[in-house]
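Hi everyone, thanks for making time for this. Please have a look at the sequence and the structure on the screen, and then I'll walk you through what I found.

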Amino acid sequence: MRIVVLTGAGISAESGVPTFRDDGGLWEGHRVEDVATPEAFARDPLTVQRFYDARRRAAASARPNPAHLALARLERRLGDDLLVVTQNIDDLHEQAGSTRVVHMHGRLDTALCEACGARMPVPGDLADDATCPVCGARALRPDVVWFGERPYELDRIDLALAACDRFVAIGTSGAVYPAAGFVLTAAGFGAATLELNLVESEVSLLFDEVRHGLAGMLVPAWVDEVLQAIGPGTP
Ligand code: APR
C-alpha cells in the first residue's frame with residue numbers, strides 16, 4: 001500500500017512549536033508581508049533574518065511527539081511506500097526517525113546563498129551577516145520558501161500523489177496552495193483520502209473521511225489501523 005502523508009504546523013503543535021493561523025499563532029503577531037516574502041527580505045533583511053533566527057532557536061529545543069513517532073514507525077514497515085511531505089520547516093520528522101521526508105517549504109537548519117545557490121548547515125544566527133563558505137558573499141538567507149516562491153520538489157510530490165493508494169493530511173489548515181490542493185490530485189488518481197486535524201480545515205469537504213482531535217492521539221491510532229490492515233512483513 002502506497003501512502004502519501006502531508007503534514008502542517010498542527011503536527012508540531014504538541015511539541016511546542018507554534019502554528020500560524022490558530023489563536024496566538026505566528027501570523028497573529030507578525031504580518032506575512034513583513035517577514036515571509038522576497039520583497040520583505042529585499043526591503044528589510046535584518047527583520048526577516050531575526051524572525052527566522054528566533055524560529056530556529058525555538059525549534060532547537062522541540063522534541064517529536066507521538067504523531068511524529070507514529071509516522072516513523074509506519075515508515076519502518078512501509079519503506080519507500082510511504083512519503084511524508086511536510087510544510088514544516090522544523091526537523092521533528094527526522095528527529096523521530098523518518099527518512100523519506102520532503103520539506104516542500106524548506107528547512108530552518110539549512111541556509112541558502114543568494115549569490116551562488118549553495119546550501120549549507122546554518123552556521124549560527126543569520127542576522128549576524130554570515131558569510132557563504134563556498135563563494136565568500138554575505139548573501140545567506142533562510143532556506144525557506146516564502147509567499148510568492150515556488151515550493152521545493154513539486155515534481156517528486158506530484159509523482160507520489162499520482163501513484164498513492166491513500167493520501168492523509170495532518171494538522172494543516174488548507175489555506176496555502178499548492179499543498180491544499182494535493183487532496184484533489186490524489187483523489188483524481190484514485191487514492192482514498194483522510195484528514196486528521198484539530199478542527200475542520202478549509203478543505204475538509206474534499207476528503208473522503210475526516211477525524212477531529214489532537215494529532216498526538218489521532219495519528220498513532222491511524223497508524224495502528226494501517227499496520228493491522230497490511231499485516232506483519234519484513235521491516
Ligand atoms: N493536532 C492536530 N491539528 C492541530 C493541532 C493539534 N495538536 N493544533 C493545531 N492544529 C490544526 C489547526 O486547527 C489548523 O487547522 O493545525 C492547523 C494548522 O494550520 P496553520 O497554522 O495554517 O499551519 P499550516 O497549514 O501548516 O500552514 C501552511 O502556511 O504560513 C504558511 O509556510 C507556512 O507552511 C506554512 C503554511
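Before the sheets, a word on terms: two strands pair if DSSP finds at least two bridges between them. Helices (H or I, at least four residues) and strands (E, at least two) are DSSP runs, numbered from the N terminus. Please keep in mind that this is a predicted model, where local features need pLDDT of at least 70 and side-chain atom pairs count only at pLDDT 80 or more, while totals for chains, interfaces and linings use all residues. Residues are numbered from 1 along each chain as its sequence is written, and side-chain values use heavy atoms, with hydrogens and water left out.

Let's take the sheet of 3 strands. It is open, with the order β5-β4-β6 and antiparallel pairing. β5 (119–121) and β6 (140–144) are at its edges with a single partner strand each, so one side of each has no neighbour in the sheet. On average, neighbouring strands here are turned by 45 degrees against each other, direction ignored; the axes are lines fitted to C-alpha atoms, for helices over the stretch in contact, and angles run from 0 to 180 degrees between N-to-C directions. Strand β4 (residues 106–113) pairs with β5 over 3 bridges, in the antiparallel sense, and Leu112 stands opposite Arg119 in β5. In the loop between β5 and β6 you'll find Asp129, which has a positive phi of about 60 degrees although it is not a glycine.

Now the other sheet. Its 6 strands are ordered β3-β2-β1-β7-β8-β9, again open, and the pairing is parallel. Here β3 (101–103) and β9 (209–212) hold the edges, and each has a single partner strand, so one side of each is left without a neighbour in the sheet. Neighbouring strands are turned by 15 degrees on average, direction ignored. Strands β1 (residues 3–7) and β7 (residues 166–170) run parallel and are joined by 5 bridges, with Val4 opposite Phe167 in β7. Pro178 is in the loop between β7 and α9 (182–188).

So where does the ligand lie? Domain 1 (1–17 + 63–105 + 151–235) and domain 2 (20–61 + 108–144) both give residues to the shell, so the ligand lies between them; those bounds come from an automatic or database domain assignment. There are 23 residues around the ligand, and Phe20, Arg21, Trp27, Thr172 and Ser173 come nearest, where near means a heavy atom within 4 Å.
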